[in-house]
Amino acid sequence: MDVSQYTEAEFKAAVDAAANWNTYVAVHAYTPTAIQTAIRAGVKSIEHGQLMDEKTAKLMADKGIWLSIQPFLDDEDANPYPQGSANRARQLQVSQGTDTAYKLAKKYNLKTAWGTDTLFSAKKAVRQGAQLAKMVRWYTPAEVLRMATSTNAELLALSGPRNPYPGKLGVVEEGALADLLLVNGNPLENIKLIENPAKNFIAIVKDGKVYKNLLS
């Protein structure tokens with residue numbers, strides 16, 4: 001947790017190489033030192049960032065740096081580590097930092113994306129909606145849903161010609177990619193509806209193709 005693995009020059013080399021391909025660099029970083037070093041080198045997005053301090057948050061705001069963070073909390077979704085172990089100590093450090101990081105993100109109005117670490121875990125993948133719903137600890141339901149949709153789309157669009165989605169993301173308008181969810185209820189009033197997509201998502205459309213439709 002305390003290690004900064006790359007020098008500013010190494011980050012800069014990655015940023016320059018990415019720029020040659022008309023795209024950008026995101027870094028997996030927790031500590032203020034790692035985050036600030038990456039920013040000075042031109043990195044555009046910080047993944048995680050749970051151990052940031054106020055100085056780092058202000059720098060991110062001043063430079064327009066993205067924060068792609070997830071609610072790592074000491075709850076039912078936390079990885080099970082033995083009490084007293086080094087991994088458990090780091091887990092608690094990140095959990096406490098998560099609350100601080102989100103509060104700083106709100107205070108400095110950081111461009112905050114919704115990210116997860118559940119890509120390779122089938123068990124945790126089904127909990128993504130529940131993880132997202134936890135965000136009402138810091139944001140309103142409307143802010144939470146906007147972050148996971150239109151705000152995330154802004155970050156993805158930074159990849160420019162490397163963007164794997166050949167269309168407009170994060171909006172409902174003619175010509176945009178038709179990725180739509182129809183919820184049985186109002187998640188603005190009850191965000192917990194998104195915790196159970198099998199029950200509450202009555203229509204799922206991705207790229208214009210209907211994958212689920214319980215309306216007919």
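Both Tyr102 and Tyr139 are buried, where buried denotes under 20% relative accessible area, exposed over 50% and partly exposed the range in between (1.4 Å probe, protein chains only). The model is predicted, so that local features need pLDDT of at least 70 and side-chain atom pairs count only at pLDDT 80 or more, while totals for chains, interfaces and linings use all residues. Residues are numbered from 1 along each chain as its sequence is written, and side-chain values use heavy atoms, with hydrogens and water left out.

The structure contains 3 aromatic pairs. Rings of Phe, Tyr and Trp (for Trp, the six-membered ring) are taken as paired if their centres lie within 6.5 Å; planes under 30 degrees apart are classed as stacked, those over 60 as edge-to-face and the rest as tilted. The pair formed by Tyr6 and Phe11 is tilted, because the ring centres are 5.6 Å apart and the planes stand at 50°. Within this pair, Tyr6 is partly exposed, with a relative accessible area of 47%, whereas Phe11 is buried at 9%.

For Tyr102 and Tyr139, the ring centres are 6.0 Å apart and the planes lie at 85°, so this pair is edge-to-face. Distant parts of the chain are linked by the pair: Tyr102 belongs to helix α4 (residues 86-107), and Tyr139 to the loop between α6 (128-133) and α7 (141-157), 37 residues apart. Helices (H or I, at least four residues) and strands (E, at least two) are DSSP runs numbered from the N terminus. Ring pairs also bring Trp138 into a cluster with Tyr102 and Tyr139.

Helix α7 also holds Thr151. This residue, Thr151, is buried, with a relative accessible area of 16%. When residues up to four places away in sequence are not counted, Thr151 touches Trp66, Thr112 and Arg146, contact being defined as heavy atoms within 4.5 Å.

An open sheet is formed by 3 strands in the order β5-β6-β7, with antiparallel pairing; two strands pair if DSSP finds at least two bridges between them. Strands β5 (180-183) and β7 (209-213) are the edge strands, each pairing on one side only. From one strand to the next, the twist averages 10°, with axes taken as lines fitted to C-alpha atoms (for helices, over the stretch in contact) and angles running from 0 to 180 degrees between N-to-C directions. Strand β5 is joined to the antiparallel strand β6 (residues 201-206) by 4 bridges. Leu180 stands opposite Val205 in β6.
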